[in-house]
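Work through the exercises below with the sequence and the model side by side. Try each task before reading its solution.

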Amino acid sequence: MTTKLDYRWHLREAMATRGMFSTTDLRPLLAERGIDLSPSQTYRLVVERPERLSLKTLMALLDILGCRMDELIEPVAAAGSRRRYSAAAGAGPVPEKDTGLGGLRPKRARIVPE
């Protein structure tokens, strides 16, 4: 069976590691490279996962941040390709949620009667 792929968008983290903490820092740098985005488009590009992104915009981001594509886009298995079951007996599958924390998730507490 083929695993379906999805991706995580790490623009905000890449910006933060380079001392850019505001979307307004990014907009003039994009404009210098011929990418004219409105303030709301720039905000959405940083905080949301883009469904469509032009290659020119992607290349401008890589140039601005001095990073590689794999630092911005992380391929991951699609949420529906793995099933996880809840700890409650008889409960059905619980879909994985993308928390934006990578593999860092709290462990479910298991309470056992004495």
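The exercises go from the overall fold to single residues.

The model is predicted: local features need pLDDT of at least 70, side-chain atom pairs count only at pLDDT 80 or more, and totals for chains, interfaces and linings use all residues. Residues are numbered from 1 along each chain as its sequence is written, and side-chain values use heavy atoms, with hydrogens and water left out.

**Exercise 1. The overall fold**

Task: State how many helices and strands the chain has, and in which order the elements run.

Solution: 
- Step 1. Take helices (H or I, at least four residues) and strands (E, at least two) as DSSP runs, numbered from the N terminus.
- Step 2. The chain comes to 5 helices and 4 strands.
- Step 3. Read from the N terminus, the order is β-α-α-α-α-α-β-β-β.
- Step 4. Buried means under 20% relative accessible area, exposed over 50%, and partly exposed in between (1.4 Å probe, protein chains only). Of the 114 residues of the chain, 25% count as buried.
- Step 5. A contact means heavy atoms within 4.5 Å. Among the contacts with a separation of 6 or more, 59% come from residues 24 or more positions apart.

**Exercise 2. Helix α4 and threonine 57**

Task: List the buried residues of α4, then describe the surroundings of threonine 57.

Solution: 
- Step 1. Thr57, Leu58, Ala60, Leu61, Leu62, Ile64 and Leu65 are the buried residues of α4.
- Step 2. What covers them includes β1, α1, α2, α3, α5 and β2 (73-77).
- Step 3. Threonine 57 has a relative accessible area of 9%, so it is buried.
- Step 4. Leaving out residues up to four places away in sequence, threonine 57 touches Ile35 and Leu45.
- Step 5. The side chain of threonine 57 also makes a polar contact of 2.8 Å with the side chain of serine 54. A polar contact is a pair of N or O atoms within 3.5 Å; within protein, one must be able to donate a hydrogen and the other to accept it, and residues adjacent in sequence count only if both atoms are side-chain atoms.
- Step 6. Just after α4, glycine 66 takes a positive phi of about 60 degrees.

**Exercise 3. Histidine 10**

Task: Decide whether histidine 10 is buried or exposed, and find which residues it touches.

Solution: 
- Step 1. Histidine 10 sits in the loop between β1 (5-9) and α1.
- Step 2. Its relative accessibility is 19%, so histidine 10 counts as buried.
- Step 3. Not counting residues up to four places away in sequence, histidine 10 touches Glu71, Leu72 and Glu74.
- Step 4. With glutamate 74, the side chains make a polar contact (2.7 Å).

**Exercise 4. Charged side chains**

Task: Trace the salt bridges of glutamate 71, then find the ring under the charged end of arginine 49.

Solution: 
- Step 1. A salt bridge is a side-chain nitrogen of Lys or Arg within 4 Å of a carboxyl oxygen of Asp or Glu. The count is 8 salt bridges.
- Step 2. Glutamate 71 forms a salt bridge with arginine 18 (3.2 Å, N to O). Arginine 18 is in the loop between α1 and α2 and glutamate 71 in helix α5 (residues 69-72), so the pair ties together parts that are 53 residues apart in sequence.
- Step 3. Arginine 68 forms a salt bridge with glutamate 71 too, with the closest N and O atoms 3.6 Å apart.
- Step 4. Arg18, Arg68, Asp70 and Glu71 are linked in a network of salt bridges.
- Step 5. Arginine 49 meets glutamate 51 in a salt bridge (3.4 Å, N to O).
- Step 6. The charged end of arginine 49 sits over the ring of tyrosine 7, 4.4 Å from its centre. The rule requires NZ of Lys or CZ of Arg within 6 Å of the ring centre and within 35 degrees of the ring normal.
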